[in-house]
Amino acid sequence: MPEAPRIRNFSIIAHIDHGKSTLADRLLEATGTVSARQMKAQFLDRMDIERERGITIKAQTVRLSYRAADGEAYALNLIDTPGHVDFSYEVSRSLAACEGALLVVDASQGVEAQTLANVYLALENDLEIIPVLNKIDLPSADPDRVRREIEDIIGLDASAAILASAKEGLGTEEILEAVVRRIPPPGGDPAGPLRALIFDSWFDSYQGAVVLVRVVDGAIRPGDRIRMMSTGQEYEVSRVGHFAPDAVDRDVLGAGDVGFLTAAIKSVRDTRVGDTITGARRPASAPLPGFRPVKAMVFCGLYPVDSAQYDQLKEAVEKLWLNDPAFSYEPETSSALGFGFRCGFLGLLHMEIIQERLEREFELSLISTAPAVPYEVTLADGTVTKIHNPAQMPPPDRIAQVAEPYVRAEIHLPKEYVGAVMRLCDEKRGTQAGMRYLTPDRVLLTYEMPFNEIVLDFYDRLKSASRGYASLDYDFIGWRPADLVKLDILINRQPVDALSVIVHKEKAYYRGRDLAGRLRRVIPRQLYEVVIQAAVGGRVIARERIPPLRKDVTAKCYGGDITRKRKLLERQKAGKKRMKQVGSVEIPQEAFLSVLKV
Ligand SMILES: Nc1nc2c(ncn2[C@@H]2O[C@H](COP(=O)(O)OP(=O)(O)OP(=O)(O)O)[C@@H](O)[C@H]2O)c(=O)[nH]1
């Protein structure tokens, strides 16, 4: 007998800070999966970095055992999803593993663009959606307004929305009953050839990759030979089981079930999210739909501050690469920064997370160059190449065309900020593709714009243009030709490759002047005069000068207290940590990132 009928697979969709993790904690407590005493705040956010940032990066799945009001015992698999636009592919695969979702909306805030994007993903996957209005304990909660918003904006019937306060534990029981009654049991063919969807995986140093799967057809048992359908690689299953929240071993994972498997898989790269696992002896004829290899869209150079740390950095990026299929790297040499790596990321948040891990877990001190998008360059002879580093841009006379990645951006905002945000989008080379009043007060703006502008500073600018009320979501829509040029920076007449940027021709003059001015402010005075120049195709378009340092910094301490002098020198040394000697000039980390501020 398959155990499928009593299983419910669901996830929680919520905008950042609307209370997803807090609600998950309450569900774990209410089902006795974790006692209140064991409960570390926000159990599902496993990594340190996540907890500090308060966002869920890595999906984690938990099985809740629940005795429902109908007297039956249910296994409720709660699949946690990442909550940031960088990770929307992972979200879509996690949702593909479910039959239903709780849509958690902060009753004092309302529906946000990011919530919408994930709701659409859920609807595409035919999930049953149960609206939950959270934070009703807040005096500013307005459940009626938010209910209307859910109906008007998303088109979901919200009359049966559950009122909840995850903080105070209100509505938890009602949510569990709704999961059992409203979310359909999983389908699938228990006797068919194995097909299991990979929706998450991570590395364990003892067991190799731990893979989270949703079994669609067939079953998986320890000892089975399995095959990854995208690569054809085969493994023998060592363990299967589920998390509750610690690992519980099982004899079998059957059709409809969600759980983990291990199979001495050496790296997480071999377990691609969205791939289908099948049986090696009786393989399925076709994989499950929706697999898409992930593509890095933001690149930056990472260099050790102390070149003696190069080998350590190499080891660290190799380790991270094995664990994160979305992260890529290749060795890179910069005449300014020496030996390092050009690394690729899904987006800016992904980049920050990796940099932070390199510095924290591997105790490295790094200089990073400004993040840049890839460009597609067609040379005069017709060959097409992708470049991931502005310094690789061929000279203008060899280029026929440069194309840059475009996104469709959806911006959701109160109507009073529409004017300011439209001006911002125009400035960012956006073309308006739509504008819709979702309610008399809320507007959805759609723009097509260069991804480069988003990487630059769009998000911060959007937040300030809308006093924090606008939210952003985007999708890649392809490559479009543009009039782009390389802006070079020369310091004491030496080009510093790591400071090169690709900019729109019309903005080159302004950006060049701005960047040179910014560098003058962040590069400390040195013993010599420092001249900063910005140039396009060899023509200097801006020039700044840093006068030489005249006084000894410790001079004013002479005759005074020796410890004060030592302190001053110590402080100078600490300040040097993030400096890189380029020619005769010391350049601080900030300089490399100043390109990002416009
Ligand atoms: N007043 C009130 N605050 C709540 C409630 N639920 C959550 N919060 C608070 O809202 C904040 C965000 O809650 P989280 O559970 O971390 O939100 P989240 O949606 O998981 O956020 P991400 O992990 O960033 O996606 C925290 O400070 C919670 O304490 C609630 O019902 N009432």
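**Notes on a predicted model**

1. Let's start with S21, which sits in helix α1, the stretch covering residues 20–30. Keep in mind while reading that this is a predicted model. S21 counts as buried because 22 C-beta neighbours fall inside 10 Å, and the cut-off for buried is 20 or more.

2. S21 also turns up in a record. The unreviewed UniProt entry lists it under "binding site", along with D17, H18, G19, K20, T22, N134, K135, I136 and D137. Such annotations may be inferred rather than shown by experiment, so take the label as the record's own.

3. I136, another residue on that UniProt list, is placed in the loop between β5 (128–134) and α5 (143–154). Is I136 buried or exposed? I136 is buried, since 22 other C-beta atoms lie within 10 Å. If you set aside its neighbours within four places in sequence, I136 is in contact with A107, A141, P143, L163, A164, S165 and L170.

4. Next, have a look at the open sheet of four strands, ordered β16-β17-β15-β18, where the pairing is antiparallel. The edges are taken by β16 (328–334) and β18 (366–368); each has a single partner strand, so one side of each has no neighbour in the sheet. On average, neighbouring strands here are turned by 30° against each other, direction ignored.

5. How do the strands of this sheet pair up? β16 and β17 are joined in the antiparallel sense over seven bridges, and E330 has R342 in β17 as its bridge partner.

6. Which residue in β17 is the bridge partner of C300? That partner is C343.

7. Helix α8 (residues 348–361) lies across β15, β17 and β18, and it runs at about 165° to β18.

8. Last stop: P588, found in strand β31 (residues 585–588). Along the chain P588 and L313 are 275 residues apart, while their C-alpha atoms are separated by 19 Å.

How values were computed:
Residues numbered from 1 in each chain as written. Predicted model: local features only at pLDDT ≥ 70, side-chain atom pairs only at ≥ 80, totals over all residues. Pairing = 2+ DSSP bridges. Helix = DSSP H or I, 4+ residues; strand = E, 2+ residues; numbered from the N terminus. Axes fitted to C-alpha atoms, helices over the stretch in contact; angles between N-to-C directions. Contact = placed C-beta atoms within 7 Å. Buried ≥ 20, exposed ≤ 12 C-beta atoms within 10 Å, placed from the backbone.
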